[in-house]
Amino acid sequence: MNAICSNVTSRNVTSSNVTLHCGNDIYLVNTASVNTKFDQALVSDEVLWTFTAIVDTWFSLVIAFLGIFGNTLTIVVFKTMGFKDTINITMTTIAFWDLVRVLCGFIHRFYGPLSLLSPPLGRSWQNATYPNINSLQNIATNIAYVIGAYVAMERCLCISFPLRVKSMMTPNNT
């Protein structure tokens with residue numbers, strides 16, 4: 001309240017009001033609607049733990065497992081097709097780096113099942129894998145983004161120079 005008046009001469013505090021006397025002016029501040037209890041949490045620890053266990057751990061593990069399966073299948077299909085076209089090479093490379101990224105997430109999120117066996121073991125796994133696996137996951141993500149930009153540039157060249165792109169983009173040149 002000192003922002004309103006720099007020379008408060010007296011204060012009268014009741015249960016829900018504060019009266020400030022500032023020179024000839026009197027300010028009445030209603031404090032009944034002000035919540036001063038900051039130590040109350042929005043959700044309980046049990047709700048937070050359940051939400052984390054279901055969404056952050058199990059849901060992420062299922063998505064990671066599907067990603068491992070899908071990327072492995074993609075790599076096998078492109079390997080079977082051969083690496084004569086540049087698009088097969090780049091798509092296989094994107095699938096490989098995405099597989100690395102998903103494997104990193106799967107390894108890190110494995111703290112969920114471990115914490116069911118032993119909560120300290122799960123916490124230790126989470127603390128040990130986060131700094132190491134997260135760095136590799138970030139590198140794999142950035143490499144996949146760069147290769148995706150390369151594919152976009154290659155497709156742009158295919159549209160811009162449809163008759164000359166086959167001679168420009170060969171596996172030996174790229």
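User: What should I know about the model before reading it?

Analyst: This is a predicted model, in which local features need pLDDT of at least 70 and side-chain atom pairs count only at pLDDT 80 or more, while totals for chains, interfaces and linings use all residues. Residues are numbered from 1 along each chain as its sequence is written, and side-chain values use heavy atoms, with hydrogens and water left out.

User: In what order do the elements of the protein run from the N terminus on?

Analyst: Helices (H or I, at least four residues) and strands (E, at least two) are DSSP runs, numbered from the N terminus. Here there are five helices and three strands, and their order is β-β-β-α-α-α-α-α.

User: What percentage of the residues in the protein is buried?

Analyst: Buried means under 20% relative accessible area, with a 1.4 Å probe and protein chains only. Of the 174 residues in the protein, 25% are buried. The accessible surface, computed by the Shrake-Rupley method with a 1.4 Å probe, comes to about 12400 Å², and 65% of this surface belongs to carbon and sulfur atoms.

User: Which residues does the "transmembrane region" annotation cover?

Analyst: UniProt annotations may be inferred rather than shown by experiment. In this case the unreviewed UniProt entry places the "transmembrane region" at residues 58-78, a span that is 100% helix and 0% strand in the model, with its end C-alpha atoms 30 Å apart.

User: How much space lies in the largest pocket, and what lines the pocket?

Analyst: Rolling a probe the size of a water molecule over the atoms shows where empty space is left. On a 1 Å grid over the protein atoms alone, a pocket is an open set of points where a 1.4 Å probe fits, with protein on both sides within 12 Å along at least five of seven lines, and lining residues have an atom within 4 Å of a point. The largest pocket holds about 370 Å³, and of its 15 lining residues the closest to the centre are Trp-49, Thr-52, Tyr-111, Ser-115 and Gln-126. Two or more lining residues come from each of helix H1 (45-81), helix H3 (111-117) and helix H4 (119-160), and H1 gives the largest share, seven residues.

User: Which residues lie closest to the centre of the second largest pocket?

Analyst: This second largest pocket has a volume of about 220 Å³, and among its 15 lining residues the closest to its centre are Ser-60, Gly-105, Phe-106, Arg-109 and Gln-137. H1, helix H2 (86-109) and H4 each give two or more residues to this lining, with the largest share, seven residues, coming from H2.

Technical notes:
Grid points are joined across faces, edges and corners, and a volume is the space filled by probe spheres set on the points. Buried means under 20% relative accessible area, exposed over 50%, partly exposed in between (1.4 Å probe, protein chains only).
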